[in-house]
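Dear colleague,

I am passing on the structure we spoke about, which you will find just below. Please look it over first, and then read the notes that come after it.

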Amino acid sequence: MKVAIMGYGTIGSGVAEVLRVNRDLIAGRVGEPIDVKYILDLREFPGDPEEGKFIKDINVIVNDPEVTLVVETMGGVHPAYEFVKANLLAGKSVTTSNKALVADMGYDLIRIAREKKVNFMFEASVGGGIPIIRTLQTCLTGDEIDEVTGIVNGTTNYMMTEMEENGSDFDDVLHDAQARGYAEKDPTADIEGFDAARKIAILTSIVAGQQVDFHDVPTEGISKITAYDIRYAKKLGRSIKLLARMVKEGDTYCCRVAPYLLPPEHPLYSVKGVFNAVFVKGNMLGDSMYYGSGAGKLPTASAVVGDLVAMAKHLGKNIYMEWKDEKLELADPNKQENRYFVRAHQGRGAIAKVFLNAEIIDMGVDNELGFVTPKMLESEFNAKKEELGEVFQVIRMA
């Protein structure tokens, strides 16, 4: 069975390595070997184990009937979308690790795959090597999913862990993450939460069976978290994590990406470093959690190859996935209830007057006090925050 890989960066080369190293194992599970025939990339790779398979024209893959499986690891929406679409229309199944492509165009590519009786899969687009998408699609299809909460960005989790354990400042930790290859040269998508927003939009689309626009997900990153916030968190016995959350609200879902203060009993409290984890609550299963390497060459490539094996076992047969193109209207986030940790330039009297029964946390910092509010609606909190005046920080309590 022949496969083509589009994009030979970290993940694409990892896919080739997995297929090469585990060739016999994969052949035993599929019924025949899966071999790489083409690799599409504009660059040259002299001396590479796959040398001789590199091409620069997408039409070579599209027009070769021997290629039945395609891997997309180029990244970005364009031209990845056009290349994937062309292969699906040509009757080839495609798997991708590209969360931007899935979040923006997943519904369209799933529809085309269904019409052509092939498959479009994307396990590696969320959680790297954690099999969360296949779990939601197969193992938990008998459950109504009430909540999905995840640490789905290894860069930000590494940074929060370093700040917490070593007392480091944000800028220093970011430079360290970049030096280690955990953060991109432009880290905006990670540290501002946009990467996590795309991922929770994908998971919500799968659960809801309907397109969720990640632009509709209220998103806050970690760029405003300071060493002072870490000190307060320790005083409270909590840990700050960037969470991507989806909670069922009536006939729809309330989504958010933001830093949260987690207590030790929370399942995600102990997830450290570059690891990812996804907590799922089902109405029948109850609580479950899925933990593992959320990024990296081989863990992500392993998830891609898992899709390849599934597609190879279902040639000529579409594995049905409900994902309507009609956009899902998410619940109003202002109607969600939370408790909030706040740092403000106000005295005890002013805080107590605006936020009744607030829990004051005095860390001895000049001209500020920290406090935790009672549970209240987001809209109510925002109104009271304006009434309070100068506020340095707000972090939700999990």
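Predicted model: local features only at pLDDT ≥ 70, side-chain atom pairs only at ≥ 80, totals over all residues.

The secondary structure of the protein comes to 14 helices and 18 strands, and its C-alpha atoms fill a box of roughly 75 × 45 × 35 Å along the principal axes. The radius of gyration is 23 Å, which agrees with the value near 21 Å that a compact globule of 398 residues would have. Of these 398 residues, 53% count as buried, and among contacts between residues at least 6 apart in sequence, 73% join residues at least 24 apart.

The largest nonpolar core holds 84 residues, and those with the most contacts inside it are I61, F120, F122 and I132. Helix α5, residues 99-116, gives the most to this core, with nine residues. Leaving aside neighbours within four places in sequence, I61 is in contact with several residues, including A4, M6, Y38, L40 and K92. There is also a second, separate core of 28 residues, which includes M1, I34, F45 and V71.

Helix α6 (residues 132-139) and helix α10 (residues 194-208) pack with their axes 10 Å apart, at an angle of about 10°, and the two are therefore roughly parallel to each other. On the α6 side the contact is made by I132, I133, L136 and Q137, and on the α10 side by I202, L203, I206 and V207; by class, seven of the residues in this contact are nonpolar, one is polar and none is charged.

With best wishes

Definitions and conventions. Residues numbered from 1 in each chain as written. Heavy atoms only, no water. Axes fitted to C-alpha atoms, helices over the stretch in contact; angles between N-to-C directions. Helix = DSSP H or I, 4+ residues; strand = E, 2+ residues; numbered from the N terminus. Parallel < 35°, antiparallel > 145°, perpendicular 65-115°, else oblique. Contact = heavy atoms within 4.5 Å. Nonpolar A, V, L, I, M, F, W, Y, C, P; charged D, E, K, R; others polar. Core = buried A, V, L, I, M, F, W, Y, C linked by side-chain atoms within 4.5 Å. Buried < 20%, exposed > 50% of the residue type's maximum accessible area, 1.4 Å probe, protein only. Rg over C-alpha atoms; globule rule 2.2 N^0.38 Å.
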